[in-house]
Amino acid sequence: MDPFSQLILTISVTSFLTFQWLFHKVSPWVSTRISPGFPGLNDKQKVEWNSRTVSTFHALLVGIFCLCILLFDDAVNEDPVWGDPTMVKTNVAITTGYLISDLLLIFYYWKAIGDKFFVVHHLAALYAYYYVLGQGMLPYFANFRLLAEFSTPCVNQRWFFEVLGYPKTSRPNMANGVVMALVFFMVRIAVMPVYYSRMYAVYGTEAFYMVPWGGRIAWICSSICLDIMNIMWMHKIARGCYKVLRSARQSKAGTPQENGKTD
């Protein structure tokens, strides 16, 4: 094993252990001190709370790293299929450690956070990341996909508000819902033309045919499937956001009328 592969393996293992520590130790300790409602949650809710806290931390970490690579890593941007994957491998190694950690927690706490969809999602992602970490291919596209992580914190925050009993029409909940819809659109929908234009640009080139069939399937098929789901989720999020905003507006408009009634 070459020194760089050893480094990537070390990063993945360190990432796994770090996210386990964050779940079992850091999240419960911090949450107890910053959220008065946390101690009152039942055991299943606490498990999911800690899982989502770790998820949010991971999303922000790899999302920021991903954005920096897209903006400043010229090697990857100039050759999206075989460009120097050093920085991308590091970011993907962090995510790999997180996914394995989360899979372990999902199986161990199945009654609390078990979800077949997440198991399939994590396994599919790990399969795709094998080609990045093991063979150094498709670094631009692997990194680009991690942009989607920026929508995760708002999705998790929505759950936090719900479990703490915030009404859907409360200002914090509505503000988070609007931000969630906007961020989800920007990092999962609006970027599709950029992603697929780069894919089209390399399709049929020598670099493309150097990618083995397994890598092409992991790249193209998973991208299409994920984006179909993203469009469906965006439609659901937009409808939900619209309904809550409309309900809040109607409620606000009805208040003066109710106050003006006389017996």
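How far apart are the end C-alpha atoms of residues 177-196, and what share of the span is helix? I looked this up first: the ends lie 28 Å apart, and the span is 90% helix and 0% strand. Helices here are DSSP runs of H or I with at least four residues, strands are runs of E with at least two, and both are numbered from the N terminus.

Entry on the model. I noted that this is a predicted model, in which local features need pLDDT of at least 70 and side-chain atom pairs count only at pLDDT 80 or more, while totals for chains, interfaces and linings use all residues. Residues are numbered from 1 along each chain as its sequence is written, and side-chain values use heavy atoms, with hydrogens and water left out.

Entry on the whole chain. I found 12 helices and zero strands in the protein chain. Its C-alpha atoms fill a box of roughly 80 × 40 × 30 Å along the principal axes. Of the 263 residues, 43% are buried. Buried means under 20% relative accessible area, exposed means over 50%, and partly exposed is in between, with a 1.4 Å probe and protein chains only. I also looked at contacts (heavy atoms within 4.5 Å). Among those between residues at least 6 apart in sequence, 77% join residues at least 24 apart.

Entry on the record. The unreviewed UniProt entry lists residues 6-23, 54-72, 92-110 and 177-196 as "transmembrane region". Such positions are given in the numbering used here, feature names are shortened, and annotations may be inferred rather than shown by experiment. I checked residues 6-23 in the model: the span is 100% helix and 0% strand, with end C-alpha atoms 26 Å apart. The entry also places "domain: TLC" at residues 44-246. Over that stretch I read 83% helix and 0% strand, with the end C-alpha atoms 33 Å apart.

Entry on helix 8. The helix covers residues 152-163, and its 12 residues should span 16 Å at 1.5 Å a residue; the end C-alpha atoms are 17 Å apart, which agrees. The expected span is 1.5 Å times one less than the number of residues. Among its buried residues are Trp159, Phe160 and Phe161. The buried residues of helix 8 pack against helix 2 (43-72) and helix 9. Just after helix 8, Gly165 takes a positive phi of about 90°.

Entry on Leu138. Most residues other than glycine have a negative phi. Leu138 is not a glycine, yet its phi is positive, about 55°. I located Leu138 in the loop between helix 6 (116-135) and helix 7 (139-145). Leu138 is buried, at 6% relative accessible area.

Entry on salt bridges. Which pairs did I find?

- I searched the whole structure and got two salt bridges, each a side-chain nitrogen of Lys or Arg within 4 Å of a carboxyl oxygen of Asp or Glu.
- Glu48 and Arg52 meet at 3.0 Å, N to O; both lie in helix 2, four residues apart, about one turn of the helix.
- Asp227 and Arg145 meet at 2.7 Å, N to O. Asp227 is in helix 12 (residues 213-259) and Arg145 in helix 7, so the pair ties together parts 82 residues apart in sequence. Asp227 is buried, with a relative accessible area of 5%, whereas Arg145 is partly exposed at 22%.
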